[in-house]
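Please keep the picture in view while I talk.

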Amino acid sequence: MIAIFDYGAGNLRSVENALGEIGCRYTLVRDAGGLRAADKIILPGVGHFGQMMRALDELKVREALVDRIEAGVPFLGICLGLQALFQTSEEAPEARGLGLYEGTVRRFPLGARVPHMGWNELELRRESKLVRGAGARPFVYFAHSYYVPENERASATCTYEVPYTAVLECGNVFGVQFHPEKSGPAGLRIVQNFVELPC
């Protein structure tokens with residue numbers, strides 16, 4: 001069973017609609033028990049880094065989420081769900097991310113129009129399980145003011161003022177800075193690729 005984690009914000013309905021469109025069964029969970037029962041986990045994120053991390057702590061799911069990821073359960077973080085994998089964010093320097101990876105989520109440079117909102121092109125850096133079959137340079141939908149810098153886990157990047165990580169893939173951990181559920185056929189293919197990953 002795929003679990004969509006509901007922390008009280010985010011674009012749950014859009015994610016639910018995308019899973020429904022590809023015929024995937026899922027459940028919404030809001031506690032550690034739901035995470036521990038899941039075969040795969042999706043963490044959608046919309047809003048503010050600090051608010052999201054506080055919500056995860058108030059729901060007492062930080063440890064369970066990290067434990068499940070470290071146990072090999074396939075995980076997909078969407079937008080803030082990707083950013084949460086890192087230690088900190090310039091959006092909320094006082095908030096502690098999940099810390100699976102070192103590094104800080106950065107704000108786009110001063111002078112850049114933010115949020116970066118609309119369609120932009122993915123640039124594949126290596127073979128990608130997540131983007132497989134979505135096209136050589138698919139266009140997907142973004143809405144964000146902060147980004148994960150390029151790093152060795154990026155299977156695809158995007159450029160808006162600076163190049164940044166658009167798709168992260170590392171073992172069982174996947175993250176996308178864009179919203180696949182709002183990215184048309186290419187986005188649905190990306191969601192389906194995650195759904196079809198072996199558990």
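The chain exposes about 8700 Å², of which carbon and sulfur atoms supply 48%; accessible areas here come from the Shrake-Rupley method with a 1.4 Å probe, and for residues only the protein chains shown count as cover. This is a predicted model, in which local features need pLDDT of at least 70 and side-chain atom pairs count only at pLDDT 80 or more, while totals for chains, interfaces and linings use all residues. Residues are numbered from 1 along each chain as its sequence is written, and side-chain values use heavy atoms, with hydrogens and water left out.

Of the 199 residues, 56% count as buried, where buried means under 20% relative accessible area, exposed means over 50%, and partly exposed lies in between, with a 1.4 Å probe and protein chains only. The chain has six helices and 13 strands; these are DSSP runs numbered from the N terminus, with helices (H or I) of at least four residues and strands (E) of at least two.

Although Phe75 and Asn172 are 97 residues apart in sequence, their C-alpha atoms are 6.3 Å apart in space.

Let us turn to helix H4, residues 62–70, in which Arg62, Ala64, Leu65, Val66, Arg68 and Ile69 are buried. Which elements do the buried residues of H4 pack against? They pack against helices H2 (32–36) and H3 (49–58), and against strands E3 (40–45), E4 (75–79) and E13 (173–176). After H4 comes Gly72, whose phi is positive, near 100°.

Finally, the lining of the largest pocket has eight nonpolar, six polar and two charged residues; Ala, Val, Leu, Ile, Met, Phe, Trp, Tyr, Cys and Pro count as nonpolar, Asp, Glu, Lys and Arg as charged, and the others, Gly among them, as polar. A pocket is an open set of points on a 1 Å grid over the protein atoms alone, where a 1.4 Å probe fits, with protein on both sides within 12 Å along at least five of seven lines, and lining residues have an atom within 4 Å of a point. Among the lining residues nearest the centre are Gly47, Cys79 and His144.

Notes: Contact means heavy atoms within 4.5 Å.
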